[in-house]
Amino acid sequence: MRVSGPDEAARRNLVLLAQLRWLAVLGQLTTILGVHLLLGVRLPLVPMLATVGVLIALNLAMVPARALRPASNAQVLGGLLVDVACLTVLLYLSGGATNPFISLYLLQVVLGAVLLETGSSWALVLVTSAAFALLAIVHRPLALPPLLQTTLSGPFLFALWFNYTLTATLIVQFVTRIARNLRDRDARLAELRQRAAEEEHIVRMGLLASGAAHELGTPLASISVALGDWRADPKIGGDPQLAAEVADMQAEVARCKAIVAGILFAAGEVSGEAPERTTLRRFITGLIEQWPRNDSVLLDYRLASDLPIVADRALAQSIVNLLDNAVEAGAARIRLSVSAEDDELEVAVRDDGRGFPDDILPRIGNPYNSSKGRQGAGLGLFLAHNVLRTLGGTLAATNFESGGAEVRLRVPVAALALQDEAE
């Protein structure tokens, strides 16, 4: 499904405005010629047709502009002001405020309320209201046949002008609000469509990861058993170097099994394992201790007291992803700070690496938004963003002029606190 952006909507509005102008030209030509030829009312055809010709020239001039780029607010306002000026000239030549077609000013006001910014819409109301008042004083009287002659009193013309101004004001007041509500709704729908696409992507990745985790469980278990047998072998036990290598392999296999268990836990497929009750400080320090490059991490725990929580494995994996990203960005030192403000917990990971490229920073959290240039890159922050969104939190990133970057995770304390503590 093609989703049009603001530029495409602006182009469509410009095309619609041109189509309405063609209809106005056709209606004006029909009215002028019909009144002049059929009703016998002598009109100044040359200046009136020349005025209509200005509208035709304006529409023809807009053709390449519509094809190249959307019109700005100033351009649309300029076009509508030309329409108002041409209508004013036609009305001046045909009776001024006594001409029943003076109500066509309202069409310009409605178009302005829909297509223009609020300030420009009000400017159009002032211009048309002033033109109406001017036409009530200065205009070219029509020489009407006796059957069509009529006289409008000054108070009636004033009431007519007041009625027009009031109507135009109410139109702009409510139409601009309705248009703003529609724009807000469209923006919200666009956000929901984007979120639905991201969540669909997450589901596909989750199914793939869950299947891979199931398949990896068996070979990892076999490798773990084999390594246990090797370590019990007297030949390996008698060689300190081989024994150390086997111990390292066992530790790596154990880490792989923990990662697989985390994937299955996130997919809701871990059975017989109750949520782990711990404290925030123990949760964070445990993550750092288990991370292979923990010697480069400095913990800055800023909470006055420890907080009892339920360990969230998805959040833990998100923090580990941030640490991994910092190392991949060339960081030698990483500061992990933990603080709380307004019932929200903030975990910030700051490093001295290369930072985020300027074109990637505004799209932090989008899938495959990465400068690593390899398949699957950019998913760490994407998954962290969606984990936080599930918990009701947010993710933000900042570059520093002195070098390095900081990624901040904010999550409500109530999303992690133990139920009896939260109550």
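The model is predicted.

Start with the whole chain. It has 423 residues, and 33% of them are buried. Its secondary structure comes to 12 helices and 7 strands. The accessible surface is about 24400 Å². Carbon and sulfur atoms supply 61% of that surface. Now take the contacts in the chain with a separation of 6 or more. Of these, 71% join residues 24 or more positions apart.

Next, look at three helices: H3, H4 and H5. Two packed helices are described by the angle between their axes and the distance between the axes. Helix H3 spans residues 73-92. Helix H4 covers residues 105-115. Helix H5 runs over residues 118-137.

Take H3 and H4 to begin. They pack at an angle of about 175 degrees, with their axes 10 Å apart. Angles over 145 degrees count as roughly antiparallel, so H3 is roughly antiparallel to H4. On the H3 side, the residues that meet H4 are Val76, Leu80, Asp83, Val84, Leu87, Thr88 and Leu91. H4 answers with Tyr105, Gln108, Leu111, Gly112 and Leu115.

Move on to H4 and H5. Here the angle is about 170 degrees and the axes lie 9 Å apart. H4 is therefore roughly antiparallel to H5. H4 makes this contact through Tyr105, Gln108, Val109, Gly112 and Ala113. H5 contributes Ser121, Leu124, Val125, Thr128, Ala131, Phe132 and Leu135.

How do H3 and H5 run, parallel or antiparallel? Their axes come within 11 Å and cross at roughly 10 degrees. Angles under 35 degrees count as roughly parallel, so H3 is roughly parallel to H5. The H3 residues in this contact are Asn73, Leu77, Leu80, Leu81, Val84, Thr88, Leu91 and Tyr92. Those of H5 are Ser120, Leu124, Val127, Thr128, Ala131 and Leu135.

Buried means under 20% relative accessible area. Ser120 has 11%, so it counts as buried. Which residues does Ser120 touch, leaving aside its neighbours within four places in sequence? They are Asn73 and Leu77. Both belong to the H3 side of the H3 and H5 contact.

Now turn to the aromatic rings. The structure holds 3 aromatic pairs. One of them joins Phe158 and Trp161. The ring centres are 5.7 Å apart, and the planes stand at 35 degrees, which makes the pair tilted. Both residues lie in helix H6, residues 154-232. They are 3 residues apart, about one turn of the helix. Elsewhere, ring pairs link Tyr105, Phe132 and Tyr164 into a cluster.

Arg350 sits over the face of Phe400, at 3.6 Å from the ring centre. Where else does Arg350 make contact, leaving aside its neighbours within four places in sequence? Besides Phe400, its contacts are Arg333, Ile334, Arg335, Ser402, Ala405 and Glu406. Arg350 is still partly exposed, with a relative accessible area of 35%.

Finish with Ala251. This alanine has its place in helix H8, residues 240-266. Its relative accessible area is 44%, so Ala251 is partly exposed. Ala251 and Ser224 are 27 residues apart along the chain. Their C-alpha atoms are separated by 9.5 Å.

Conventions:
Residues numbered from 1 in each chain as written. Predicted model: local features only at pLDDT ≥ 70, side-chain atom pairs only at ≥ 80, totals over all residues. Heavy atoms only, no water. Phe/Tyr/Trp six-rings, centres within 6.5 Å; stacked < 30°, edge-to-face > 60°. Helix = DSSP H or I, 4+ residues; strand = E, 2+ residues; numbered from the N terminus. Lys NZ or Arg CZ within 6 Å of the ring centre and 35° of its normal. Buried < 20%, exposed > 50% of the residue type's maximum accessible area, 1.4 Å probe, protein only. Contact = heavy atoms within 4.5 Å. Areas by Shrake-Rupley, 256 points an atom, 1.4 Å probe, with all protein chains shown as cover. Axes fitted to C-alpha atoms, helices over the stretch in contact; angles between N-to-C directions. Parallel < 35°, antiparallel > 145°, perpendicular 65-115°, else oblique.
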